[in-house]
Amino acid sequence: MNIQEKDVETKDERIARARELRDQDQLEESQTILLALMDDFPEDPLVLYEVGGSYDVLGEEREAIPYYEDAIEEGLSGDDLQECLICLGSCRRVIGEFSAAVEALETAVSQFPDNKSGHVFLALAYYSNDQKEAAMRTLLDVLLQTTTNEDILGYADVFEFYKDNLEEVWDDE
């Protein structure tokens, strides 16, 4: 191996370096690396996802969305797809595209049901989309599935019943 080959980082090494910089809150430096990767790998789903993420953490959700969508279209998979769908839905909600947010997050939840953060983001999107009952049901469901709090667990049957009867009123008159 010559010296030039030794100095060249692989795509995965460059992504890892960009992630590390992002973790160190060096967001612009991270984005510079990722945008340079786009020149070399313009249709790579992981690169597209990471570029979307770089815009997202910079608070530029509108710029992030097309990269997330392209990453999904190009075949992103596994944990990265799970996170991409959640980020896409969250971005859509933040910019006021509530129906599109619900759609992306329902996809995330159906494909990755064990990721409870996806359910919580979906509940937020339901709420923003004026689907208040669905939002409350979703949050109660996550709470009942994940809590270890004995006070809440003591009322689990009651909460389970109310989750499906949110609008019920029992009036003896």
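Start with H6 and H7: the two helices pack at an angle of about 160 degrees, with their axes 7 Å apart. H6 is therefore roughly antiparallel to H7, since angles over 145 degrees count as such. Their crossing is left-handed. Keep in mind that this is a predicted model.

**Stop 1: the H6–H7 contact**

Which residues of H6 meet H7? Select Leu81, Leu85, Ile86, Leu88, Gly89, Ser90, Arg92 and Arg93.

**Stop 2: H6 against H4**

Stay on helix H6, residues 78–94, and bring in helix H4, residues 45–57. The axes of H4 and H6 come within 11 Å and cross at roughly 35 degrees. This crossing is left-handed. On the H4 side, pick Leu46, Tyr49 and Asp56. On the H6 side, pick Asp80, Glu83, Cys84, Cys87 and Cys91. These two sets meet.

Next, select Gly78, which also lies in H6. Draw a C-alpha to C-alpha distance from Gly78 to Tyr49. The two are 29 residues apart in sequence and 12 Å apart in space.

**Stop 3: the largest nonpolar core**

The largest nonpolar core has 37 residues. Which of them touch the most other members? They are Tyr49 and Tyr68. Colour the helices that each supply at least two residues of this core: H2 (11–23), H3 (27–40), H4, H5 (61–73), H6, H7 (98–111), H8 (116–128) and H9 (132–146). H6 gives the most, with seven residues.

Zoom in on Tyr68. What does Tyr68 touch, leaving aside residues up to four places away in sequence? The list is Tyr49, Gly52, Gly53, Asp56, Cys84, Cys87, Leu88 and Cys91. Several names return from Stop 2. Tyr49 and Asp56 were picked on H4, and Cys84, Cys87 and Cys91 on H6.

**Stop 4: Glu50**

Move along H4 to Glu50, a residue of that helix. Is Glu50 buried or exposed? The relative accessible area is 2%, so Glu50 is buried; the cut-off is under 20%. Display the side chains of Glu50 and Arg22. A polar contact of 2.7 Å joins them. Then widen the selection around Glu50. Not counting residues up to four places away in sequence, Glu50 touches Ile15, Arg19, Arg22 and Leu34.

**Stop 5: two loop residues**

Go to the loop between H2 and H3 and select Asp25. What is phi here? Phi of Asp25 is near 65 degrees, a positive value in a residue other than glycine. Asp25 has a relative accessible area of 60%, so this residue is exposed.

Finish in the loop between H8 and H9, at Asp130. Asp130 is not a glycine, yet has a positive phi of about 60 degrees. With a relative accessible area of 59%, Asp130 is exposed.

Methods:
Residues numbered from 1 in each chain as written. Predicted model: local features only at pLDDT ≥ 70, side-chain atom pairs only at ≥ 80, totals over all residues. Heavy atoms only, no water. Helix = DSSP H or I, 4+ residues; strand = E, 2+ residues; numbered from the N terminus. Buried < 20%, exposed > 50% of the residue type's maximum accessible area, 1.4 Å probe, protein only. Polar contact = N/O pair within 3.5 Å; in protein donor to acceptor, adjacent residues only side chain to side chain. Contact = heavy atoms within 4.5 Å. Core = buried A, V, L, I, M, F, W, Y, C linked by side-chain atoms within 4.5 Å. Axes fitted to C-alpha atoms, helices over the stretch in contact; angles between N-to-C directions. Parallel < 35°, antiparallel > 145°, perpendicular 65-115°, else oblique. Left-handed = near helix turned anticlockwise from the far one by under 90°.
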